[in-house]
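Thank you all for coming; I would like to walk slowly through one structure this morning.

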Amino acid sequence: MAYIADKPTPPPTAEELRARIPGWGADLDPTDRPSVPKEQPQDLNAHWTFPEEQPVPDGGRERSIEHGRLTPVFGTAQPLHGVSGAIRRYAYSRFSEARAAHWLLLLAGDRVEAAGAHLRSLATSRPDNPITETGIVAERRWAPLAGRRGRVDVRHQWIDPLLVAGPWILAAVGVIAVGRRLLRR
């Protein structure tokens, strides 16, 4: 376990590592280290063998299936909620971090959260403005063609308008379709 003082298996010695990995330990000699004159060993005076654990919130906390327990301290600033939270919890409970499915589900949860934020902004007095927030106005004002030369993603620039405007156009078409259906009734 990563958070206990007594490890189940002792780590390999420096000699074993040096024999197994070419060049391992090249900086072990203190005279070869660049920080030698300033480096001072410190006694951290740790008064515990295992740190005191932070209480887990009521809704639980996601953790990778590779770890036996949560880290002693973890963030709780943005707890998972809604559909995006359910997608993220599923990714953590079902798939290893080494699997693409884990990360694709986390990306899907992020996109669901972003779509929800866009929908919530439409219900406010100042909804999102995709024209100004994407930088299109600034690009037109400050040398649009010169700013595009020399970029790495030149071959992909044609898709930028589709990625930026596409979700808004689809949302508008959906709202119009729902509105027409309600008016027919």
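Glu 113 has a relative accessibility of 21% and is therefore counted as partly exposed, where buried means under 20% relative accessible area, exposed means over 50%, and partly exposed is what lies in between, with a 1.4 Å probe and protein chains only. Glu 113 forms a salt bridge with Arg 120, and their closest N and O atoms are 3.7 Å apart; the term salt bridge stands for a side-chain nitrogen of Lys or Arg within 4 Å of a carboxyl oxygen of Asp or Glu.

Before I go on, please keep in mind that this is a predicted model, in which local features need pLDDT of at least 70 and side-chain atom pairs count only at pLDDT 80 or more, while totals for chains, interfaces and linings use all residues. Residues are numbered from 1 along each chain as its sequence is written, and side-chain values use heavy atoms, with hydrogens and water left out.

How many salt bridges does the structure hold? There are four, and one of them joins Arg 88 to Asp 110, with the closest N and O atoms 3.9 Å apart. Because Arg 88 lies in helix α2 and Asp 110 in helix α3 (residues 100-122), this pair ties together parts that are 22 residues apart in sequence; helices here are DSSP runs of H or I with at least four residues, numbered from the N terminus. Arg 88 is buried at 18% relative accessibility, whereas Asp 110 is partly exposed at 34%. Arg 88 and Asp 110 also belong, together with Arg 111, to a network of salt bridges.

Another salt bridge is formed by Arg 69 and Glu 53, whose closest N and O atoms are 3.3 Å apart. Both residues sit in the loop between α1 (14-20) and α2 (82-94), 16 residues apart. Arg 69 is partly exposed, with a relative accessible area of 32%, and Glu 53 is partly exposed as well, at 40%.

Turning to helix α7, residues 160-184, we find 25 residues that reach 36 Å from the first C-alpha to the last, close to the 36 Å expected at 1.5 Å a residue, the expected span being 1.5 Å times one less than the number of residues. Where does α7 bend? The bend, of about 40 degrees, is at Gly 166, and a proline, Pro 167, follows within four residues; the angle is taken between axes fitted to the seven residues ending there and the seven starting there.

Finally, Ile 136 is found in helix α5, residues 136-141, and is partly exposed at 45% relative accessibility.

Notes: Helices (H or I, at least four residues) and strands (E, at least two) are DSSP runs, numbered from the N terminus.
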